[in-house]
Amino acid sequence: MLTSGGFDTGISIANTTSDPFGTVERDGTCTFHFFKDTGGAPIPPDTTSTVESGESTSFIVSTGGGVIDPHPGFAGYVIATCEFPLARGVALISDTFAGPGMVSTYVAEVIPSDR
């Protein structure tokens, strides 16, 4: 994930506890833990407001977008912990969010909490 060299990263996490399978709907926050690829002092984690069942939260890493604190110049990886099961995330890395450019997307890996 990058917010430097002309690139930025957008992140979106969905609370998918609203479904047709009888899953118990559960609201909660997500906390983002930023790990810099250069090591050094840790970045304090950021926590979103409540993400309701069936809703999502999204932000651009360099600006925060009101969801989290901005992290311009960040390079590394992020682990999100959510208070609801079935969180699903996607990230988009782009050299421009304002028009055509180079874009790469990836689906976040889900790390089981029962490790």
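Author: Asn-15 has its place in strand β1, a strand being a DSSP run of E with at least two residues, numbered from the N terminus. The model is predicted, so to speak of a local feature pLDDT must be at least 70, and side-chain atom pairs count only at pLDDT 80 or more, while totals for chains, interfaces and linings use all residues. Residues are numbered from 1 along each chain as its sequence is written, and side-chain values use heavy atoms, with hydrogens and water left out.

Reader: Why is Asn-15 called buried?

Author: Its relative accessible area is 1%. Buried means under 20%, exposed over 50% and partly exposed in between, with a 1.4 Å probe and protein chains only. So Asn-15 is buried.

Reader: What does Asn-15 touch, leaving out residues up to four places away in sequence?

Author: Contact means heavy atoms within 4.5 Å. Among its partners are Arg-26, Asp-27, Val-51, Glu-55, Phe-84 and Pro-85.

Reader: What makes the approach of the Asn-15 and Thr-17 side chains a polar contact?

Author: The value is 2.8 Å. A polar contact takes a pair of N or O atoms within 3.5 Å; within protein, one must be able to donate a hydrogen and the other to accept it, and residues adjacent in sequence count only if both atoms are side-chain atoms. Thr-31 and Thr-47 have a polar contact between their side chains too, at 2.9 Å.

Reader: Where does Thr-31 lie, and why does Thr-31 count as buried?

Author: Thr-31 belongs to strand β2. With 16% relative accessibility, Thr-31 counts as buried.

Reader: How do you know which strands belong to the sheet with β1?

Author: Two strands pair if DSSP finds at least two bridges between them. β1 and β4 are antiparallel and share 5 bridges, with Ile-13 opposite Thr-57 in β4. Another 5 bridges join β6 (residues 87-94) to β7, again antiparallel, and there Ser-94 has Val-103 as its bridge partner. The open sheet has 4 strands in the order β4-β1-β6-β7.

Reader: Why do β4 and β7 stand at the edges?

Author: β4 (56-60) and β7 (103-107) each have a single partner strand, so one side of each is left without a neighbour in the sheet.

Reader: Which strands form the other open sheet?

Author: This antiparallel sheet runs β3-β2-β5. Its edge strands, β3 (46-47) and β5 (76-82), pair on one side only. Between β2 and β5 there are 7 bridges, and Phe-34 has Val-78 in β5 as its bridge partner.

Reader: What makes up the largest nonpolar core?

Author: Such a core is a set of buried Ala, Val, Leu, Ile, Met, Phe, Trp, Tyr and Cys residues joined through side-chain atoms within 4.5 Å. Here there are 14 residues, and those touching the most other members include Ile-11, Ile-13, Phe-32 and Phe-59. The largest share, 3 residues, comes from β2.

Reader: Why is the pair of Phe-32 and Phe-59 called edge-to-face?

Author: Rings of Phe, Tyr and Trp (its six-membered ring) pair if their centres lie within 6.5 Å; planes under 30 degrees apart count as stacked, over 60 as edge-to-face and the rest as tilted. For Phe-32 and Phe-59 the centres are 4.9 Å apart and the planes at 80°, so the pair is edge-to-face. Both residues are buried.

Reader: What about the rings of Phe-34 and Phe-74?

Author: At 5.3 Å between centres and 90° between planes, that pair is edge-to-face. Phe-34 is in strand β2 and Phe-74 in the loop between β4 and β5, so the pair ties together parts that are 40 residues apart in sequence.
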